[in-house]
Amino acid sequence: MVKYILKRLLYLIPVLLGVCFIVFTLLYLTPGDMARNALGPSASEAAVQALREEMGLNDPFLVQFGRYLKNLVFHFDLGYSYITRSNVTDEIMARAGSTLILATTAILFAVVIGIPVGIISAIKQYSIFDNVTMIFALIGISMPVFWLGLLLILLFSVKLNLFPSSGYSTPLHLFLPMIALGAQSVSVIARMTRSSMLEVIRKDYILTAKAKGQRRGKIITEHALKNALIPIITITGTQFGQLMGGALMTEVIFSIPGIGRLMVDSIMKRDMPMVLGCVLFVAVTFSLVNLIVDILYTYVDPRLKTQYE
């Protein structure tokens, strides 16, 4: 298992280098002048040219990219913001907690609601509950985070005045963003749980357990659910990675000072080091979550341990 973890961590290096190259290229080709953005529209052309020279923006593309990679690989240095001149790593670490808490609470909300709903839908296949659940699941999957967030603000903040519409200072501030961000994942996890459970409960060993007179609850929890967990764990890990990206829009709507909001602001200002730092943070988090999911497989099904030696 240790060898497998080390191998996966090594595989992470070319992935991150590829992400760096793609994002760096897109930002390089995007119209606009980063030096002008940093100094403001009233700055003189001489001052702009001097800052471009200082930041190395007049160098060829490969020189700029090579310099960035050198600092990243050999010094673990993400650089400094072109706009605020603050350290990129410090800015990201100051905001990472907000994004991780938001994504974690959203995925917990999705799991706590989605798995039980999926189990009940599978047990009561084609019932009213099952049909209504699937309708809501389709609505949840198709509802964009932006519009759902606005609806929640209008209903619970403006109309009913139950929850704050912005900020991040109390648990109440987290409630609406958690629902807005986790709603799609609830639908996805519920549908995956339902399909996985339907496949398992038709197996011969489930029929044998029923014939032996075992309690229905024991059959569902100890036999069916345990054997249906692998695809559920897979989709949950994938959803967590997507929530890290989806937090971008949620943080903007609810004014949460997280990585997503920082990334949006940095993209608007063409702050290349900050954007690259935010993207790398999301990419590393997503890769580590996938690694954790693979490790969880071995605890759900010990037979898989031989694949990770």
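**Before you click**

Residue numbers start from 1 along each chain as its sequence is written. Since the model is predicted, local features need pLDDT of at least 70 and side-chain atom pairs count only at pLDDT 80 or more, while totals for chains, interfaces and linings use all residues; side-chain values use heavy atoms, with hydrogens and water left out.

**Stop 1: the whole chain**

Walk along the sequence and the pattern reads α-α-α-α-α-α-α-α-α-α-α-α.

Of the 309 residues, 43% are buried. Here buried means under 20% relative accessible area, exposed over 50%, and partly exposed in between (1.4 Å probe, protein chains only).

A contact means heavy atoms within 4.5 Å.

Colour by charge next. There are 26 positive and 18 negative side chains, and the centres of the two sets lie 13 Å apart. Lys and Arg count as positive and Asp and Glu as negative, without His or the chain ends; each charge is placed at NZ of Lys, CZ of Arg, CG of Asp or CD of Glu.

**Stop 2: the annotated spans**

Select residues 96-297. An unreviewed UniProt entry gives this stretch as "domain: ABC transmembrane type-1". UniProt positions are in the numbering used here, feature names are shortened, and annotations may be inferred rather than shown by experiment. The span is 84% helix and 0% strand, with its end C-alpha atoms 27 Å apart.

The unreviewed entry also lists residues 9-29, 100-123, 135-158, 170-190 and 275-300 under "transmembrane region". Residues 135-158 are 92% helix and 0% strand, with 28 Å between the end C-alpha atoms. For residues 170-190, the figures are 95% helix, 0% strand and 29 Å.

**Stop 3: Thr99**

Zoom to Thr99 in helix α5 (residues 88-123). Is Thr99 buried or exposed? It is buried, because its relative accessibility is 1%. What does its side chain meet? There is a polar contact with the side chain of Glu251 at 2.6 Å. That term covers a pair of N or O atoms within 3.5 Å; within protein, one must be able to donate a hydrogen and the other to accept it, and residues adjacent in sequence count only if both atoms are side-chain atoms. Leaving out residues up to four places away in sequence, Thr99 touches Met244, Ala247, Glu251, Gly258, Ile259 and Gly260.

**Stop 4**

Jump to helix α1 (residues 2-29) and pick Cys20. Cys20 counts as buried because its relative accessibility is 1%. Beyond its neighbours within four places in sequence, Cys20 is in contact with Phe65, Tyr68, Leu72, Leu276 and Leu280. Draw a C-alpha to C-alpha distance from Cys20 to Ser86: 20 Å in space, for 66 residues in sequence.

Then go to Ser185 in helix α8 (residues 171-200). Ser185 is buried too, at 1% relative accessibility. Not counting residues up to four places away, Ser185 touches Ala110, Gln239 and Leu243.

**Stop 5: the loops**

Select Phe76, in the loop between α4 (61-75) and α5. Phe76 is not a glycine, yet it has a positive phi of about 50°. At 70% relative accessibility, Phe76 counts as exposed.

Tyr126 is the next pick, in the loop between α5 and α6 (128-142). Its phi is also positive, near 70°, in a residue other than glycine. Tyr126 counts as exposed at 62% relative accessibility.

End at Ala43, in the loop between α2 (34-39) and α3 (45-55). Which class does Ala43 fall into, buried or exposed? Ala43 counts as buried, because its relative accessibility is 19%. Apart from residues up to four places away in sequence, Ala43 touches Arg36 and Val48.

Note on methods. Helices (H or I, at least four residues) and strands (E, at least two) are DSSP runs, numbered from the N terminus.
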